[in-house]
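Dear colleague,

I am handing over the structure we spoke about, placed just below, and after it you will find what turned up in it. Please read the notes with the structure open beside them.

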Amino acid sequence: MNSEIFVFDTTLRDGTQGEGISLSADDKLKIARKLDKLGVHYIEGGNPGSNSKDIEFFKRVQDYNLNAKITAFGSTRRKNSIAEQDVNLQRLIESGAKAATLVGKSWDFHVHTALQTTLEENLAMIFDSFAYLKRHEMEAIYDAEHFFDGFKHNPDYALAALKKAEEAGADWIVLCDTNGGTLPHEIQEIVAKVKSELKTPLGIHTHNDCELAVANTLAAVQAGARQIQGTINGYGERCGNANLCSIIPTLQLKMNYNCISGEQLAQLTAVARYVSEIANAHMPVGQPYVGQAAFAHKGGIHVSAIMKDSKTYEHIEPALVGNKQRILVSELAGQSNIISKAAELGLEIDTSQEHTRTIIDKIKELEHQGYQFEGADASLELLLRDAFGGAREIFKLESFKMIVERNAGAMMSEAIVKINVDGQTVYTAAEGNGPVNALDNALRKALVQFYPGIMDIVLSDYKVRVIDEKDATAAKVRVLIESTDFHNTWSTVGVSGNIIDASWEALVDSIRYALLNTEKQEASDPVNRGHLGLVNH
């Protein structure tokens, strides 16, 4: 087939209508640069006629010299007016964007109810608006709002709306499933019908209210649509928009269409996670193609098979979309999980030894107690290195004490820590805005004279989960700590009936993991010393 598909990204416009998604002009510019490197053809930046943030974006993005066409969003002229005097249309022209998307009504119900005008006036609004854009030499895209609902209710009028845009010179006609309620077989039949009636190339814009946005987009492409509109990670109003992170690789790897280059496709996972971070939005671990668990294997039988050939349980090579295979070690782990994980860490394991079986049993017992190593790879690595690699004990806890008091209406936490580093006892105290922060500060204070760069480590996330709620305040808790040194990010876990003890366990693992990895870096490259500044005593 090998047909070219044009990718239209509306993360910066439609995506920001999702609950909890808000992007500043700076955020939008950062994401636009990533999208451009990904190779999308159109980047819809927002509505320059609606707010100052979008006006700033369109002004500043012109200095970036992006390959993608920056597209401004607006609507057809107001009823009973003329296009030349429509402020929103004028703002599109003034935005400096190379292309403009105009949303217009194609469902007679919406014309009567939402616009409260006549069917004839709506057609005039469509024609006048697109003719105005074309007179100003802009690429013009018609987003036919609620098209599929309109076609099912009144196909003649829905088609008439499209033909008015075509008559005025629209470059693309995009059929929108705005309410997200159309099924794939309906999409395919209707798109095929429209294609037989029009000469203008078609696009598809779907929403995910029935969790069919991706399927509906694929059905539309099969019926002849050549522009796909969607957002990164499927962000958007209500249940979201069509997810480009699923659509692009499926079209390209499964259906033999050309969307972006293979090199650009390999950036997809990085772009998805980058956008998630900038938007401060949770990215589901099980998201297809780009999720952290998309190529994760937990069951022992599965792992045993993929070690022989990854195709046994992976539908594509993870690297094609910039992701990677992960072997999870848990209560479901078999010998294959341990062997694969250890090999990933560069550890040699003799499978004939009883020790291997012992460590598998230990991991299963720890998970039974409430540990969860799937989300704490650093703690798992330390466990395996202790078992098979003989990892050095960098420091040893002798004791710690916590003092928490309320004084003059303010809470104060103080930690007193006593540790041993290479036979040298260090005794320190530090305050913090909570018990865990105080412990963190005291431990760093004790270690900084041996590892000067340890202050660069930041505790970036802290989560507490009650393991068995029926035990109420006496229940065990699981603490997950995420740390970063601005180069890498790692997670550790601790479990105890005491939240401070569980936190300490996870905190010690975090610091120990960072220091051990610094030692490994320095052993392999003694000239360029590790960034934590190891000092030998």
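Glutamate 137 counts as exposed, because its relative accessibility of 73% lies over the 50% cut-off. Please bear in mind, here and below, that this is a predicted model. Glutamate 137 sits in the loop that runs between α5 (119-135) and β5 (139-145), and its phi is near 60 degrees, which is a positive value in a residue other than glycine.

A second residue of this kind is tyrosine 289, whose phi, near 70 degrees, is likewise a positive value in a residue other than glycine. Tyrosine 289 also belongs to a loop, the one between α12 (268-279) and β9 (296-297), but with a relative accessible area of 7% tyrosine 289 is buried. One of the residues that touch tyrosine 289 is serine 246, whose contacts, once residues up to four places away in sequence are set aside, are Val214, Pro288 and Tyr289. Serine 246 is part of helix α10 (residues 244-254) and is itself buried, at a relative accessible area of 9%.

As for the chain as a whole, it has 537 residues, of which 52% are buried, and its secondary structure comprises 18 helices and 16 strands.

Where is the largest nonpolar core, and which residues have the most contacts inside it? This core contains 89 residues, and those with the most contacts inside it are Phe147, Leu162, Ile228 and Leu251. Helix α7 (residues 155-168) supplies the largest share of the core, namely 7 residues. Around phenylalanine 147, leaving out residues up to four places away in sequence, the contacts are with Ser106, Ala158, Leu159, Leu162, Leu175, Cys176, Ile190 and Val194. There is also a second, separate core, made up of 35 residues, and Val417, Ala442, Ile454 and Tyr513 are among them.

Two helix pairs deserve a look on the screen. In one of them, helix α8 (residues 184-197) and helix α9 (residues 213-222) have axes that come within 8 Å and cross at roughly 30 degrees. Since angles under 35 degrees count as roughly parallel, α8 is therefore described as roughly parallel to α9, and the crossing of the two is right-handed. On the α8 side the contact involves Pro184, Ile187, Gln188 and Val191, which meet Ala215, Asn216, Ala219, Ala220 and Gln222 of α9. Sorted by class, this contact has 6 nonpolar and 3 polar residues, and no charged ones.

In the other pair, the axes of helix α4 (residues 108-115) and α5 come within 10 Å and cross at roughly 95 degrees. That angle falls between 65 and 115 degrees, so α4 is roughly perpendicular to α5. Asp108, Val111, His112 and Leu115 of α4 make the contact together with Leu119, Asn122 and Met125 of α5, and by class these residues divide into 4 nonpolar, 2 polar and 1 charged.

Serine 75 lies in strand β3 (residues 69-75) and is partly exposed, its relative accessible area being 30%. Apart from residues up to four places away in sequence, serine 75 touches Leu89, Leu102 and Val103, while its C-alpha is 9.7 Å from that of alanine 100, a residue 25 positions apart from it in sequence.

Glutamine 264, found in helix α11 (residues 262-265), also counts as partly exposed, at 22% relative accessibility. With neighbours within four places in sequence left aside, glutamine 264 is in contact with Lys37, Leu38 and Gly39. The C-alpha atoms of glutamine 264 and valine 40 are separated by 9.4 Å, although the two residues are 224 residues apart along the chain.

With best regards

Definitions and conventions: Residues numbered from 1 in each chain as written. Predicted model: local features only at pLDDT ≥ 70, side-chain atom pairs only at ≥ 80, totals over all residues. Heavy atoms only, no water. Axes fitted to C-alpha atoms, helices over the stretch in contact; angles between N-to-C directions. Helix = DSSP H or I, 4+ residues; strand = E, 2+ residues; numbered from the N terminus. Parallel < 35°, antiparallel > 145°, perpendicular 65-115°, else oblique. Left-handed = near helix turned anticlockwise from the far one by under 90°. Contact = heavy atoms within 4.5 Å. Nonpolar A, V, L, I, M, F, W, Y, C, P; charged D, E, K, R; others polar. Core = buried A, V, L, I, M, F, W, Y, C linked by side-chain atoms within 4.5 Å. Buried < 20%, exposed > 50% of the residue type's maximum accessible area, 1.4 Å probe, protein only.
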